Amino acid sequence: MTTPARRRLMRDFKRLQEDPPAGVSGAPSDNNIMLWNAVIFGPHDTPFEDGTFKLTIEFTEEYPNKPPSVRFISKMFHPNVYADGSICLDILQNRWSPTYDVSAILTSIQSLLHDPNPNSPANNEAAQLYRENRREYEKKVAAIVQESWNDDEDDDVEEEEGGKTAS
Amino acid sequence: MSQTDMKRQLSDPASDATDSEDMEEDDEYANYYYDNTDDLDIDKPKKTDDPEYFEYTILQTEDAERLLNEEVERLCSELKMSPSLAKMLLHVGQWQGEDIIERYQQDQRKLLTESNVSCPKEMKEDSLVGSSPGCPVCAECYPRDKFMGLTCGHLFCPHCWDMHFRFQIEQGITMGIECMGQKCKILVPEDFLYSVLKDSKLRDRFSKLCFMDLIKGHPKLRFCPGPNCSVIIHAKEPRAKKVECSVCKSTFCFRCGIEYHAPTDCDVIKKWLTKCADDSETANYISAHTKDCPSCHVCIEKSAGCNHMQCSKCKFDFCWMCLGDWKSHGSEYYECSRYKENPNIANESVLVQAREALKKYLFYFERWENHAKSLQLEEQTLQKITSRINVKVMENEGTWIDWQYLQNAAALLKKCRYTLQYTYPYAYYMDKGGRKQLFEYQQAQLEAEVENLSWKVERAEITHRGDLENQMDIAEKRRQTLLKDFLEV
């Protein structure tokens with residue numbers, strides 16, 4: 001059955017394929033258009049460079065009047081990302097506009113990696129290091145960038161970071 | 001005399017003054033004849049000498065709607081704009097009509113932009129592309145003229161606007177509904193909303209929620225906080241003063257809506273109540289109803305409001321708060337209300353300071369709590385007195401009017417004790433110094449007179465009427481003096 005939310009998600013997908021923004025990709029899961037898997041590549045000239053970070057995006061039938069819930073599946077170390085992978089970003093909460101689509105959501109998160117907002121911290125340690133000890137911050141980020149590659153090897157998105165040892 | 005001299009003389013300040021004095025005198029006479037109802041109504045406080053005087057009226061929903069509409073219409077006719085726009089400007093500008101008119105006349109565009117009502121020209125954009133463009137929200141294609149939008153130029157199909165309004169109203173948002181555009185803060189006026197939203201249930205819901213939003217945003221209006229009471233209080237000035245709802249009888253502070261709290265102000269009482277809630281465990285142990293008689297050690301339960309206790313066994317007179325001899329309080333100085341701080345506290349260790357801070361809090365809390373309990377007991381006294389009067393009247397021992405003074409005394413006692421209770425949070429947060437000393441002095445005097453009154457009210461039938469009325473007068477004077485000096489308005 002097609003609903004406004006599903007029709008809109010089809011268009012989002014089409015637009016993402018026709019006009020793919022640099023450094024992000026996403027697609028509906030095999031049998032459910034309301035659940036998407038996405039990847040954000042760490043932007044150049046940031047400590048996240050070369051990382052491949054996986055996310056899930058969950059939509060409701062109220063989309064696009066209400067924002068979807070977006071979560072990092074790959075381990076993340078960022079001032080605005082909670083321990084469970086959910087993201088503190090205004091456009092996903094109070095500044096949501098129904099005109100945002102998947103492409104806009106992913107590029108916004110990508111630019112959040114570029115420009116953290118340490119004033120509304122979701123991860124206190126990351127926010128503090130970002131402000132006070134940039135070198136240590138970059139070291140911690142480098143560690144999760146490495147981990148993101150290990151995630152790649154087995155392709156199960158659902159499986160959260162397992163007990164892998166870094167090489 | 002030349003013409004200029006004449007003019008000077010006419011505008012001479014001295015002659016002006018006599019003129020206006022004459023006027024005032026005339027007014028006074030007029031007032032005397034118009035206002036004489038005040039003299040008959042003894043309970044009604046007079047404007048001039050009562051620090052708690054507060055002018056307000058009780059409005060039904062329709063009256064309040066009419067009042068809001070009048071303010072909206074005034075702005076409409078003054079500035080020649082739609083009611084919907086005027087309503088928004090008033091809501092955003094906190095109903096300061098004069099101020100809005102002035103700002104509008106100075107710089108119309110600036111006011112409209114700052115109020116998020118319209119978009120500055122340079123920011124305007126056309127979000128549609130092509131001759132049969134797709135809606136930016138649902139991606140459906142429509143002919144151009146189907147699209148709708150506000151001054152910001154963000155255009156969407158009617159269906160998406162409808163969905164947007166539906167979701168916002170479900171979340172309780174009404175006056176604050178914004179355009180759907182990215183990062184766009186332009187507010188949706190109600191005529192636009194009504195032109196899109198056709199569902200009559202939702203339109204009703206919007207109108208109800210909107211009305212509540214408007215009342216909440218209006219500084220001179222407040223919903224009565226009483227349970228299931230739907231009236232609206234309209235105050236002449238938005239002050240932290242006492243309101244008694246004539247419908248549900250609940251009393252509260254007009255500004256913050258919680259129980260009336262003079263002489264403490266709204267912020268301080270909130271702080272105090274939060275503190276009491278946070279420290280409720282610590283304070284629990286002093287909430288016991290019983291204490292031992294300091295003389296014969298028999299267990300005594302406090303069953304009435306008065307702090308002047310007399311042991312039923314050994315007849316020892318003592319103070320419930322400090323357990324000291326009542327006589328030692330003297331007639332002049334009641335020391336029990338005053339917390340004596342350790343003068344050397346600054347040099348003590350952190351631990352001692354913490355203990356001192358807790359001691360200080362518990363001191364004030366105990367008195368606050370004690371008065372609250374006494375108030376409840378005095379409510380019972382009032383009821384007892386009322387039923388005793390009824391019995392007397394039935395048995396032809398005088399008329400209701402003969403005995404009414406007893407009821408007045410009990411009611412006044414409640415009022416005085418209520419104020420006294422709320423002096424303790426005030427004192428707790430007061431800075432040390434001369435002003436606090438003065439406050440504590442007046443508080444102690446009020447405390448002493450309230451206890452005297454309480455003692456006499458409980459023994460009303462054996463107390464001489466003149467004596468009781470005299471004591472009422474003294475207690476109320478003390479209360480008024482304290483409020484006059486310390487109630488900030």
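Mentor: Accessible areas here come from the Shrake-Rupley method with a 1.4 Å probe. On that basis, the accessible surface of chain A comes to about 8800 Å², with carbon and sulfur atoms holding 46% of it. The model is a predicted one. Chain A has 167 residues, 47% of them buried. Its secondary structure consists of four helices and four strands, arranged from the N terminus as α-β-β-β-β-α-α-α. Of the contacts in chain A with a separation of 6 or more, 55% are between residues 24 or more positions apart.

Turning to the interface, chain B contributes 19 residues to the contact and chain A contributes 13 residues. Val137(B), Phe167(B) and Gln182(B) together account for 38% of the area that chain B buries against chain A, more than any other three residues.

The polar side of the interface comprises six residue pairs in polar contact, both residues at pLDDT 80 or more. Two salt bridges are found across the interface of chain B and chain A. One of them joins Glu140(B) to Arg7(A), with the closest N and O atoms 2.9 Å apart. On the side of chain B that touches chain A, helix α8 (residues 158-170) of chain B provides the largest share, four residues. By residue class, that side of chain B divides into 11 nonpolar, four polar and four charged residues.

Conventions. Residues numbered from 1 in each chain as written. Chains lettered and ligands numbered in written order. Predicted model: local features only at pLDDT ≥ 70, side-chain atom pairs only at ≥ 80, totals over all residues. Heavy atoms only, no water. Contact = heavy atoms within 4.5 Å. Buried area = accessible area lost by both parts, 1.4 Å probe. Salt bridge = Lys/Arg side-chain N within 4 Å of Asp/Glu carboxyl O. Polar contact = N/O pair within 3.5 Å; in protein donor to acceptor, adjacent residues only side chain to side chain. Helix = DSSP H or I, 4+ residues; strand = E, 2+ residues; numbered from the N terminus. Nonpolar A, V, L, I, M, F, W, Y, C, P; charged D, E, K, R; others polar. Buried < 20%, exposed > 50% of the residue type's maximum accessible area, 1.4 Å probe, protein only.
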